[in-house]
Amino acid sequence: MQLKDFIGIPYKSRGDGFDGADCYGLAVLYNKHMLGKELPDYTSLYVSADDFDDASNAIAKGRENWEAVTDGEAGDVILFRQMGVVSHVGVYLDGIDFLHIAHGGAACLEAMDSLNWAKRIEGIMRWN
């Protein structure tokens, strides 16, 4: 499996497969297939990833079991603020790029230091 296999996966709320994933589902999928690491299933914590409040509450609840890190490693989860609340995650890759997916789009790579994302980063979390 290669990184390119994740590019273009369509968005699907509460999805975590190659046929569709939401932002956290993409992190689950990447960690499983690229790193052999099982992340916890948080789909019971939210009804729809499309709802900012629902997503934010799920991230807050799930975040309690993760370790905050300053130096990311491939597969770590980057927390992003949207509309003032932490409601989106991406997959840390290499300190420059991250993998993510958003409502209405498909999985893609973006730069962490881009104008669109740099000021929205809340932190980097690692599941141990």
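**Exercise 1. Determine how the span of helix H1 compares with the expected span.**

Solution. Step 2: H1 has 13 residues. Step 3: The expected span is 1.5 Å times one less than the number of residues, which for H1 is 18 Å. Step 4: From the first C-alpha of H1 to the last, the helix reaches 18 Å, close to the expected value.

The model is predicted: local features need pLDDT of at least 70, side-chain atom pairs count only at pLDDT 80 or more, and totals for chains, interfaces and linings use all residues. Residues are numbered from 1 along each chain as its sequence is written, and side-chain values use heavy atoms, with hydrogens and water left out.

**Exercise 2. Identify the buried residues of H1 and the strands against which they pack.**

Solution. Step 1: Buried means under 20% relative accessible area, exposed over 50%, and partly exposed in between (1.4 Å probe, protein chains only). Step 2: The buried residues of H1 are Cys23, Tyr24, Gly25, Leu26, Ala27, Val28, Leu29, Tyr30 and Asn31. Step 3: These residues pack against S1, S2, S4, S5 and S6, where a strand is a DSSP run of E with at least two residues.

**Exercise 3. State which residues touch the most other members of the largest nonpolar core.**

Solution. Step 1: A nonpolar core is a set of buried Ala, Val, Leu, Ile, Met, Phe, Trp, Tyr and Cys residues joined through side-chain atoms within 4.5 Å. Step 2: In the largest such core, of 25 residues, Leu26 and Leu99 touch the most other members. Step 3: The largest share of this core, seven residues, comes from H1. Step 4: Leaving aside residues up to four places away in sequence, the contacts of Leu26 (heavy atoms within 4.5 Å) include Phe6, Ile9, Val91 and Leu99.

**Exercise 4. Classify the aromatic pair of Phe6 and Phe18, and explain what it ties together.**

Solution. Step 1: Rings of Phe, Tyr and Trp (its six-membered ring) pair if their centres lie within 6.5 Å; planes under 30 degrees apart count as stacked, over 60 as edge-to-face and the rest as tilted. Step 2: The Phe6 and Phe18 centres lie 5.4 Å apart with 40° between the planes, and the pair is tilted. Step 3: Phe6 lies in the segment before S1 and Phe18 in the loop between S1 and S2, so the pair ties together parts twelve residues apart in sequence. Step 4: Phe6 is buried at 0% relative accessible area, whereas Phe18 is partly exposed at 34%.

Key. Helix = DSSP H or I, 4+ residues; strand = E, 2+ residues; numbered from the N terminus.
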